[in-house]
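Hi everyone, thanks for coming. Let me put the structure up, and then we can walk through a few parts of it together.

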Amino acid sequence: MSYANRARPALDSMLMALAIACLAVLSVWPTTADAAVEGIEILAREPVAGGAVFGAAGIYEKIRGRASFAVDPATPTNAAIADLALAPRDAQGLVHFSADFLMLRPAEAARGNGTLIYEVNNRGTLPMLVQLNEAPATNDPTSAADFGNGFLLQQGFTMLWSAWAWDIAADPKEKRLVLRPPVATRQGKPITGEVAYEFLVNFPNTTARFTGILGLPYPFAQEGAPDAKLTIRERPESRRREVSRTLWKFVPSLDGGLPQQLQLEGGFQPGHLYELTYTARDPVVVGLGMAGIRDLLAYLRVHPIEGVRPPTRTLIFGISQSGRLIQTMVFRGLHVGETGEPVFDGAFVHVAGGGKGSFDYRFAMPTRHFSMLEDHIYPTDYFPFATTIESDPVTGASGSVLDKARQLGVVPKLFYVNESTEYWNRSASLIHTDPEGRQDLPVDPSARVYLIAGAQHYMGRQHDRGIYANCVNPLNHYRTMRALLLALDQWVRNGSEPPPIDLSSHIRRHPRHGRGIQGCISDDPRPCNAGEQSPAAASRSRPAFRERAHCRLGPPARR
């Protein structure tokens, strides 16, 4: 092992103590009656990596547990959560739910660096380990190989993940973190409403999944969804043409659950946008995912876990969908606990562009998001975008993503880190320009905006195009991410100013108006250059929006 030495005999007693701790089936730590977290249940605790020593941080342990929550819908910080008031309540008027969590931390707390990093998991997985540690993908890191280069552990960080999204199709054996929030009802009677699932296919097929990336559907209001409609169109703005119900049907799920695929006579074809609509029932209280993150972090700021004191500081980290959730939490003021305290000190928002997400409204689907080629009907890139005041040329509204944070008096330190991909399809430029792209906007002093130029959304590893029009980009930007994370930690820890211009040979501050990002795209010939298309050309030749849609989310989303 390059990053760790095997545990010495002197450490045997520590391993024995951990093993004894694991003999307990579970332990429960009750909290005060008025706390949002009413209990922490420890389900398993064990050393990892065969007792390997990760530099000065020493041996690490893995803790799996379950946090139980009781939230008050009448509390101002909770009142804006969609349908929370319609969830089942106890005699005290509180709504109960729970979330499983996973923690990795130094077995000897004194050897840690004092920083807890909470990663917002992405569809139940742990991408922070894959990217920063360059480790193989697993949701149950145990062996030495599961920790890759050992970076996060060598630095002494405590790492935490918890369930927050409900609509994740997962085999229990995968150990994904999936939230089971309560269902909203109207005086005990089912709530119904229309849901829509947009999808496309990459190659001709008689069947197609309509629930998105690992998504789940809402239940049918009526058995078999007799009112369901399937439409087809060539572009987002094109007229929808209904496909006769006699030509398509739901494919029964192998596990007996709700269908997630459709079968079409003659098959689904690339180059079309398909949309399934039907009347659904039983909307879950989706916004409790954000409330659960908020309340768990608030609890851990002041309560020990299994005898270890609270962290000195807390960072939150999110990649893609997870970064968009962080942006939504800050925008909504859900980064502040019920008593007004900050629940994290700094945020690393990675490859989220200017996006937010479908994280808190009735029948919301957190796994779905607007992109250039599909999922155009899901609110993601909506005003405001910047950290300082801007104006919406369509509605005349003005504001910033930090307005609520300033109102609450709690503005965390923020790193917005994007790559070239997010400037093409995730509105990243709108973080630092006006909505029409005519002029630069100042960035709030609490924020830093970085572009890792020439990199894609994730590091490409495949050796052929596969389903893509162009080759994937193998540029390894994970090294830069590691350096940026340490810079954010130092900024929060002691006020050390983050790098203002360059951190490595391929990172730069955000591109200024007039220079654009065109200079980041090389025209040099490469082995697979033949037949490649620029993003602009590809978007003209396939279904895509040329402009962002304007979203009307209603009063609850604006509170």
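Let's start with two helices: H5 and H6 are roughly perpendicular to each other, a label for angles of 65 to 115 degrees. They pack at about 80°, and their axes lie 11 Å apart; axes here are lines fitted to C-alpha atoms over the stretch in contact, with angles from 0 to 180 degrees between N-to-C directions. H5 covers residues 288-302 and H6 covers 321-332, where helices are DSSP runs of H or I with at least four residues and strands are E runs of at least two, numbered from the N terminus.

Which residues of H5 meet H6? They are Met-290, Ile-293 and Arg-294, facing Leu-325, Thr-328, Met-329 and Arg-332 in H6, with contact meaning heavy atoms within 4.5 Å.

A word on the source: this is a predicted model, where local features need pLDDT of at least 70 and side-chain atom pairs pLDDT 80 or more, while totals for chains, interfaces and linings use all residues. Residues are numbered from 1 along each chain as its sequence is written, and side-chain values use heavy atoms, leaving out hydrogens and water.

Now the sheet. It is open, with four strands in the order E9-E15-E11-E12 and antiparallel pairing; pairing takes at least two DSSP bridges between two strands. At the edges sit E9 (192-199) and E12 (241-243), each pairing on one side only. Five bridges join E11 (229-233) to E15 (273-281), and Lys-229 has Thr-277 as its bridge partner in E15.

Finally, confidence: pLDDT, the predictor's per-residue confidence from 0 to 100, averages 86 over the chain, and 83% of residues reach 70 or more.

Technical notes
Angles under 35 degrees count as roughly parallel, over 145 as roughly antiparallel, 65 to 115 as roughly perpendicular and the rest as oblique.
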